[in-house]
Amino acid sequence: MSYTRRDTLLIGLGASAAAMLPIGALADVAGDIAAFTGGAAVGEGGITLTAPEIAENGNTVPVEVSAPGAVSILVLAEGNPTPAVATFNFGPLAGAQMASTRIRLAKTQKVTAIAKMADGSFVQASSEVKVTIGGCGG
Amino acid sequence: MADNVTPRVRVPKSASAGEVISIKTLISHIMESGQRKDGDGNLIPRSIINRFTCDFNGQNVIDVTLEPAISTNPYFEFQSTVPEAGTFTFTWYDDDGSVYTDTKDITVG
């Protein structure tokens, strides 16, 4: 099969469009993380993210974050149209640096929580959640 | 103002001084994400609660920033220290400027 000049152009356009999409979403995630950490390195450990392995309904996925000694915790869902989910800021009376809530997930994806510790360091934890029915309408 | 917004909060009636208690809150709210389309293909504008705070006697316990990825009827469970008897104040801030509040008293004994 031989490609005409027009076919080649179209294929090229399609390929670059396909390549652009995930890069756009990833850049958004990186931007959200950078805005939260100020570009600081993010370590591991000291934070727990509890999410189900399989969520039948992406409209309400229960998640719990816990990071003893954290000042604030950012939750991100990388496969959502807007990756930011919530930011928990803990006040002086917080009994434990934990919170649980219910979130929407558009599709099977990795959920990430990043905690800012009292000493200014950052730690993160991730969890892969399989979603059977996406939760962003359509 | 969104329709039928009712905050519901569960706090123990009493605690011992310095005890850490668990608080559960729920508020009925549609949390329209701004991603959905109606039957004619038009985007339904975003309408969510964008901030939730809990204070005890004027001191902050938790301050949450909500994004459209929070489910309908936002639910939160968190923990608070109770240094003395007093009042918990819960505040939700809507995109349209409405503010919903609820208060719960707790005794120390």
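Predicted model: local features only at pLDDT ≥ 70, side-chain atom pairs only at ≥ 80, totals over all residues.
**Entry 1: strands of chain B**

Residues are numbered from 1 along each chain as its sequence is written, chains are lettered from A and ligands numbered from 1 in the order in which they are written, and side-chain values use heavy atoms, with hydrogens and water left out.

I took helices (H or I, at least four residues) and strands (E, at least two) as DSSP runs numbered from the N terminus. In chain B I found zero helices and eight strands, and its C-alpha atoms fill a box of roughly 60 × 20 × 20 Å along the principal axes.

I then followed the pairing: strand β1 (residues 7-10) of chain B runs antiparallel to strand β3 (residues 19-27) of chain B, with four bridges between them. Here B:V9 has B:T25 in β3(B) as its bridge partner. β3(B) is also joined to β6(B) by eight bridges, again in the antiparallel sense, and there B:L26 is partnered by B:Y75.

**Entry 2: where chain A meets chain B**

Which strand of chain B pairs with β7(A)? I found that β7(A) pairs with strand β6 (residues 75-82) of chain B, antiparallel and over five bridges, and that A:S100 stands opposite B:E77 in β6(B).

Counting contact as heavy atoms within 4.5 Å, I listed 29 residues from chain A and 31 residues from chain B. The two chains bury about 2,400 Å² between them, 52% of it on carbon and sulfur atoms; buried area is the accessible area (1.4 Å probe) that two parts lose on being put together, summed over both. A:L93, A:R102 and A:R104 supply 31% of the area that chain A buries against chain B, more than any other three residues.

I looked for salt bridges (a side-chain nitrogen of Lys or Arg within 4 Å of a carboxyl oxygen of Asp or Glu), and the count between chain A and chain B is zero.

Because A:F36 lies in helix α1 (residues 5-37) of chain A and A:F122 in strand β9 (residues 122-133) of chain A, the pair ties together parts that are 86 residues apart in sequence.

Note on methods
Pairing = 2+ DSSP bridges.
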